[in-house]
Amino acid sequence: MTLRTYHPPWVDSVDIGDEIRMVSAWWRRPRRFRRAASAYQRLLAVAPASIAYAFTLFVTWWTLRGASDIVGRHLILSASTNLRNMQRDPIQVLLASAFWTDGGFPWGDILILLTVMALAERWLGSLRWILVVAAGHVGATLLTVSAISHAVARDMIPFRVTVASDVGPSYGISAMLAVMAYRLRGRVRLIYAVGLLIWYGYALWNGPTFTDYGHLLALIIGFVLGGLAVLASRRLLAWRNSITRTGPTAERAAVPSDPGDGIESAAAVALEEPDGRLDHAGGDRPQYGHN
């Protein structure tokens, strides 16, 4: 794939009304459940990162389920992105915290990964999907930990917050949910974005925790990343179109050759008029101009 053929997925938006009408017509056809299962299978076939993430969450939950309460609590606390762990080994903690969940079986996270996040991966591709989720997780964690450090140093929050547990994929998922606003078109995009802000804002207003602040920060990171990606993609397409219209190829196509100018293409002459000097023996000698 070259720059002339590359099409950024960020500019591929959908009309929700058209999608609803298409699904409605699709649902009225026979064998809907068999076709739905086949469509879901095709979706998962192009979402390997989402499947791998969901499977990893299942494995870590199973590990906690087989461990004792003390060992399980130690594993969660050692992987938490609290201030104490971030000061000791930030890279390991940032990586490990995204693959552990605190509590029971992570039904919600796995369901979102195998549906909404799989749709997002099919839209953006696995590499872009991973980058967005990683940016949301890392960015929101660093901002939250910095705010906690600032607040603890000024006695604004209790010191126990620095050793609290904070694990899970929620920061990355929140960033991707924000990015998916750019998949929608028209007024629905604004309604969806405002709905996300209201949902996360209500959680922050109703008994805020530092995790709720992290979710809101991840949401903002997703909006910013998506906006920048869409803007860069549109400028890339505009620049490519301008190059195509004004480039050498376009100029040659726009200026036809004049049949009356008496100038013929050397390549055409070479193909259309064979060299008769080679038709007899010795035709490759120097006096015939062939060295």
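**Helices and burial**

Biologist: In which helix is tryptophan 62 found?

Modeller: This is a predicted model, where local features need pLDDT of at least 70 and side-chain atom pairs count only at pLDDT 80 or more, while totals for chains, interfaces and linings use all residues. Residues are numbered from 1 along each chain as its sequence is written, and side-chain values use heavy atoms, without hydrogens and water. Helices are DSSP runs (H or I, at least four residues) numbered from the N terminus. Tryptophan 62 belongs to helix α3.

Biologist: How does tryptophan 62 count: buried, partly exposed or exposed?

Modeller: Buried means under 20% relative accessible area and exposed over 50%, with partly exposed in between (1.4 Å probe, protein chains only). Tryptophan 62 has 48% relative accessibility, so this residue counts as partly exposed.

Biologist: Now to α4: where do its buried residues lie?

Modeller: Helix α4 covers residues 69-79, and Gly72, Ile76 and Ala79 are buried there. Looking down its axis, the buried residues of α4 fall within an arc of 75° (directions from the helix axis to the C-beta atoms), so they line one face of the helix.

Biologist: Which residues are exposed on the other side of α4?

Modeller: The buried residues of α4 have cover that includes α3 (48-66), α5 (83-88) and α6 (90-97). On the other side of α4, the exposed residues are Ile70 and His74.

Biologist: What is asparagine 85 in contact with, leaving aside neighbours within four places in sequence?

Modeller: Asparagine 85 lies in helix α5, and its 13% relative accessibility makes it buried. Contact means heavy atoms within 4.5 Å. Leaving those neighbours aside, asparagine 85 is in contact with Leu77, Ser78, Ala79, Ser80, Pro90 and Val93.

How values were computed
Helix = DSSP H or I, 4+ residues; strand = E, 2+ residues; numbered from the N terminus.
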